[in-house]
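Dear colleague,

Please find below the structure that I am handing over to you.

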Amino acid sequence: MVKARHQQPLARPSFKTRFRAYVRDHVRVLLFSLGKLYRTPFATTFTLLMIAVALALPACLYVLLNNLQTVTHKWDDVGQISLFLQTDTSEPALKQLKATITKHEQVENVNYISADLALSEFKNRSEFSDLLEGLPINPLPPTLVVTPINSAKQSDTLNKLKKEFQSLANVEQVQLDMQWLQRLQAITDIIRRAITAIGIMLGLSVLLVVGNSIRLDIENRRAEIEVTKLIGATDRFIRRPFLYGGMWFGLLGGILALLLVFIVLLVIRQPAQDLVGLYNSDFKLMLPSFIQSISLIGSSIFLGLFGSWLAVGHRIAKIQPS
Amino acid sequence: MIELQNVTKRYPGNREALTHLNLTIEQGEMAFLTGPSGAGKSTLLKLIAAIERPTRGQVFINRKNITRIPKRKVPALRRHMGVVFQDHHLLHDRNVFDNVSLPLQIAGFAQVDINRRVRAALDKVALLDKEQMMPITLSGGEQQRVGIARAVVHKPAILLADEPTGNLDPELSAEIMRLFNDFNQVGVTVLIASHDLDLIERMSKRIIRLRAGECIDSQSPLDAQNFEIHN
């Protein structure tokens, strides 16, 4: 029998061809993994909603906290400084003091409240007016109320001013009514940390949700993975669609989360503005900025990719044809 | 092409699947591997495809020692082989064309070459008109032919088959065997595990008989004619 001509083995594709095939495979897998989600609409919707809720919650809290901080910044404006003077301060010394402070470049104006005026005001406002009536002397000191210029209304500068005034003659005590503001700041610090902690925990849950979906997908495709390995596929080639799957979960879940954040904020916008309006503030609830929106989606993609990477990890290497 | 030197394979639990096996299959040879279940046929194929590693002894493919081949080099080794399974192992979420093109996709061929090679392979197994169909809609024999097309589409030097006719009727089985023979005619080294003795004896090729992990007989077609003398 005459033997047929021997087949020529296929030459290995050139580097350029292989690189183009590599890019082509990425595009193909990108679309394929999206199609895979589309073909399992129920499971996909379920997973995406879990991701979206887990991300929307800390994102909403974060945006609200930012809003709270802009409100308290506005309240910073009331930062006045009260200088309680020694009761025996003479009239010329008082005038001198007032002039000195008025000239200070960080002072807007100075208001003098005499001891008598302070007493009568106090009497008008206090329930103990009868009791005060019986006092032989006026216990209240004369007071200078200093309003700093706007640029000086920050806790650092105010504290500096306070120290300066403290050293002036005839000044008994300087009071900066900022304690409540500092308390509020301390509280927002706690809230900020709490939100960060919640964000980390919920981010972890996104990782687990994506990881679990991908792990299930891998188990379902065990036979397919074994076959592709036998055909000579590298682990990277097999890993690719699963990683892209995680990326899609992250991207779509992130977009959905952003949508939820906007819905929630738009729903509470009006009542929040009404509430703050009661405090005479022209407050407008800020929605997430473009950068913030992009970072939300970006971190979601990262979590999706990382979650699928964790799930894929050694799993693909462990699946061997049998 | 394929050489096993004193190979012993022991699975966990001390079951010895192969015992001190020596075997050489020359380039361009076609051989059948037969024996009762548990004789070590599948294990032998797995050692050649680097699915399993021998416990002792050495395995050479194309004069390269693959006994302790690192994991990352296994894909490249397998790209020189084609494997046909009893139950086809086709991917059911893509059509015939995409199934057959998979080895070429993996190896990174240009799309034009892929198209040409896939059509050539499908033409060879007479399924050119079914390239757009989903595997599930094909008959068992057709599915097996798709599996064969996928195994040869990248022109491998070695073709391994594990019970490729296990689920087919005698007529289809003969047709599949003829296909393997055709590939052998163009120089492919073919090794087929099968227990269909009637069929493989008619092919007049070398038959390697295993029993309990040992090679009890290896007769070339010439020997077959002198069967009495050989024994």
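**Two interfaces of chain B**

Two salt bridges are counted between domain 1 of chain B and domain 2 of chain B. Please note that this is a predicted model, and that every value in this message is computed from it.

**Between the two domains of chain B**

Domain 1 of chain B is made up of residues 1-80 and 157-231, while domain 2 covers residues 86-155. Their C-alpha centres are 24 Å apart. On the side of domain 1, 17 residues are in contact with 14 residues of domain 2.

Together, domain 1 and domain 2 of chain B bury about 1300 Å², and 66% of this lies on carbon and sulfur atoms. Three residues, B:Arg79, B:Leu179 and B:Phe183, account for 37% of the area that domain 1 buries against domain 2, which is more than any other three residues supply.

As to specific pairs, B:Arg145 forms a salt bridge with B:Glu175, with 3.6 Å between the closest N and O atoms. Three residue pairs are in polar contact across this interface of domain 1 and domain 2 of chain B, both residues being at pLDDT 80 or more. Strand 7 (158-162) and helix 6 (170-185) of chain B are the elements that give two or more residues to the side of domain 1 touching domain 2. Helix 6 of chain B provides the largest share of that side, with seven residues. By type, the residues of this side of domain 1 comprise nine nonpolar, two polar and six charged.

**Between chain B and chain A**

The contact between the chains involves 34 residues from chain B and 32 residues from chain A. About 2900 Å² is buried between chain B and chain A, with carbon and sulfur atoms giving 61%. Within chain B, the residues that lose the most area to chain A are B:Arg78, B:Lys155 and B:Gln185, which together make up 21% of what that side buries.

Two salt bridges are found across the interface of chain B and chain A. B:Asp93 forms a salt bridge with A:Arg221, the closest N and O atoms lying 3.2 Å apart.

On the side of chain B that touches chain A, helix 2 (74-78), helix 3 (96-107) and helix 4 (111-124) of chain B each supply at least two residues. The largest share, six residues, comes from helix 3 of chain B. The residues of this side of chain B divide into 18 nonpolar, seven polar and nine charged.

With kind regards

How values were computed
Residues are numbered from 1 along each chain as its sequence is written. Chains are lettered from A and ligands numbered from 1 in the order in which they are written. This is a predicted model: local features need pLDDT of at least 70, side-chain atom pairs count only at pLDDT 80 or more; totals for chains, interfaces and linings use all residues. Side-chain values use heavy atoms; hydrogens and water are left out. Domain bounds come from an automatic or database domain assignment. Contact means heavy atoms within 4.5 Å. Buried area is the accessible area (1.4 Å probe) that two parts lose on being put together, summed over both. A salt bridge is a side-chain nitrogen of Lys or Arg within 4 Å of a carboxyl oxygen of Asp or Glu. A polar contact is a pair of N or O atoms within 3.5 Å; within protein, one must be able to donate a hydrogen and the other to accept it, and residues adjacent in sequence count only if both atoms are side-chain atoms. Helices (H or I, at least four residues) and strands (E, at least two) are DSSP runs, numbered from the N terminus. Ala, Val, Leu, Ile, Met, Phe, Trp, Tyr, Cys and Pro count as nonpolar, Asp, Glu, Lys and Arg as charged, and the others, Gly among them, as polar.
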